[in-house]
Every structure is written in structure tokens, then in C-alpha cells.
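The sequence and structure are shown first.

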Amino acid sequence: MFKDITLGQYYQTDSLLHRLDPRVKIVATLVYIISLFVVNTFTGYLVAAIFLIAMIRLSNVPVTYIVRGMRGILVLLLITMSFNLFLTPGEAIFRLGFLKITKEGLSFAVKMAIRLSLLVIGSSLMTLTTTPNQLTDAIESLLGPLKRFRVPVHEIAMMMSIALRFIPILMEETDKIMKAQIARGADFESKNLIKKMKSLVPLLVPLFISAFRRANDLAMAMEARCYRGGAGRTKMKPLLYQGRDRTAYLILALYFAACVALRVMRLPFLV
């Protein structure tokens, strides 16, 4: 299950999306996430899904590889849908004891599931097409104006990039530890909640130890390379916008304008 998480991983291939400026991809991801909360109809979500599918095709990343990452949030999706399904007031369409499913709850639960799915896939697509160095440089560049207020922009960008890239590493480490504990007789499939919580203790302790060891190794490697923060640092490959990046911004602006229009117009055929 942990290997199915694609957020934070990089898929190496050649595509138009890979060649885009990383700042464009970060801005596009933020705009796409905002657009998912702007639209509130199934037609709007259809437009967002078509836009995302088009970006996936441009990325040359296998669709099965991207969709596989949805298994990691399946439990979160089910919990979110259950709460919205049973706790949203409205016209009841099904009743079982004190539990009831309303028409409004069903609609809201489906919309929330679609929104979360598109959000996770869209966010994963950015990391799948952007290297850690590109992410760090892009975040530092976008947060550049904060340097005037003595904000350590470079250090913040470095921490965010490292934290993002540690997600798949820790998930892989968790999977290895879990398999080792299962081989020793640990039961992670028990339906008893107390037993399940107790079985997590031998999993969490070695995971924390491994995480601290990796953090210490990374710090020693950075010190060995004379890393002293962002003061006076130069870049071998400075970020420069090209024609394709400006075109991408234009397409992104048109997409967001379409989402806003769908929200404002409220046409009768939109549900």
C-alpha cells in the first residue's frame, strides 16, 4: 500500500510538462487546487478532470502509475464520503434506523470525493514532473520578495523540498518494517482496535529511528559539501521563462476564467 503513494516521487522521462519552468508548475498546481474549490457543479468538475487528463497526456507519465497513488487515500475518501453522506441534512432518500442518506448528502459526498481525487492527482503530477532541485529553486524564486523582510527564503524552500521528497522514502521504509514485523508474527490486519494500536508500536519505533538516522546522514552530507545556507549562493542553471512557459500561463488563465464563469453563470443545465 505504501509503495502506491506517488506524491513526492519523480518520474524521469522527456515531455513538454517536464521541460516547463518549475515556477509555472507550482503556480499551476496552486491555481488548479483553488479552481477545485471554485467550481461547485458536476459540469465544473468535468472541466477540471478534462484539463487534468490533458496535462497527464502531456507529461508522458503512465496513467496507471498516477492512478495507483489513489490507493493511499482510499480510506480518507471513504471516511469523508461517509460523514457527508449521513450527516448532511436534507431530503431523505434512504433510512436505516437513526441513519439516513439525504439527496443533498449524496450529491455533496460524490462532489467531495471527486474534488479530493483530482486534488491528489494534480498535486502528484507536479512532483512527478519536477526534480527536487527544480522545486527548491522555484519555491525560492516565488518567495523572493519576502527577502526584503529578512525572511530566510532559501532555507524555507530547502526544508519544503526535503520534506516533500522524504514522503516516498518514509513510506517505502514503513513498508519494509511492516513486512519484517509480519514475518516475525505481528498482526496488522486484526479488527480489534486495541490490538491494532498495540501492533503499531513496534512499527513506529524503528520508523522514527530510521527517520532520525536519515536526517543525520543528510545533515552530514550537506556539511561535507560546505552548505551554509542561501547567502551568496549562485546557480549553475538559473530559471528563465521561455515562450512555452508564457503560453502555459495563458492556458492556465483561460482555464481558471472558465471555472469562475461556471461558478458565476449558474446555467440551468449545470448540476
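The sections below treat the basis of the report, the aromatic contacts, the salt bridges, the cysteines and a surface patch.

## Basis of the report

The model is predicted; local features require pLDDT of at least 70, side-chain atom pairs count only at pLDDT 80 or more, and totals for chains, interfaces and linings use all residues. Residues are numbered from 1 along each chain as its sequence is written, and side-chain values use heavy atoms, with hydrogens and water left out.

## Aromatic contacts

The whole structure contains 6 aromatic pairs, a pair being two rings of Phe, Tyr or Trp (its six-membered ring) whose centres lie within 6.5 Å; planes under 30 degrees apart count as stacked, over 60 as edge-to-face and the rest as tilted. One of them is the stacked pair of Tyr-32 and Tyr-255, at 6.0 Å centre to centre with 25° between the planes. This pair links distant parts of the chain, 223 residues apart: Tyr-32 belongs to helix α2 (residues 22–38) and Tyr-255 to helix α10 (residues 243–265). Helices (H or I, at least four residues) and strands (E, at least two) are DSSP runs, numbered from the N terminus.

Tyr-255 also stacks with Phe-51, at 4.1 Å centre to centre and 15° between the planes. Phe-51 lies in helix α3 (residues 42–59) and Tyr-255 in helix α10, so this pair ties together parts that are 204 residues apart in sequence.

## Charges over rings

Arg-23 lies over the face of Tyr-241, at 4.0 Å from the ring centre. Lys-111 is placed over the face of Phe-42, at 5.4 Å from the ring centre. The criterion is NZ of Lys or CZ of Arg within 6 Å of the ring centre and within 35 degrees of the ring normal.

## Salt bridges

There are 6 salt bridges, each defined by a side-chain nitrogen of Lys or Arg within 4 Å of a carboxyl oxygen of Asp or Glu. Among them, Arg-214 and Glu-173 have their closest N and O atoms 3.1 Å apart. Arg-214 is in helix α9 (residues 193–224) and Glu-173 in helix α8 (residues 153–183), so the bridge ties together parts that are 41 residues apart in sequence. Arg-214 is partly exposed at 33%, whereas Glu-173 is buried at 17%.

Helix α8 also holds Lys-179 and Asp-175, which are 4 residues apart, or about one helical turn; their side chains form a salt bridge at 3.4 Å, N to O. Asp-175 is buried, with 8% relative accessible area. A further bridge joins Glu-140 and Lys-147 at 3.8 Å; Glu-140 is buried at 8%, while Lys-147 is partly exposed at 48%.

## Cysteines

The count of disulfides (cysteine sulfur atoms within 2.5 Å) is 0. Cys-226 is exposed at 59% relative accessibility, and Cys-259 is buried at 0%.

## Nonpolar surface patch

A nonpolar surface patch includes Val-75, Ile-79, Phe-83 and Leu-106, and its residues together have about 1,200 Å² of accessible area. Patch residues have over 30% relative accessible area and no salt bridge; nonpolar side chains (Val, Leu, Ile, Met, Phe, Trp, Tyr) are joined within 5 Å, and like charges within 9 Å. Accessible areas come from the Shrake-Rupley method with a 1.4 Å probe, and for residues only the protein chains shown count as cover.

Helix α5 (74–87) and strand β1 (92–96) each supply at least two patch residues, with α5 giving the most, 5 residues. Ile-79 is found in α5 and is partly exposed at 44%.

Notes:
Buried means under 20% relative accessible area, exposed over 50%, partly exposed in between (1.4 Å probe, protein chains only).
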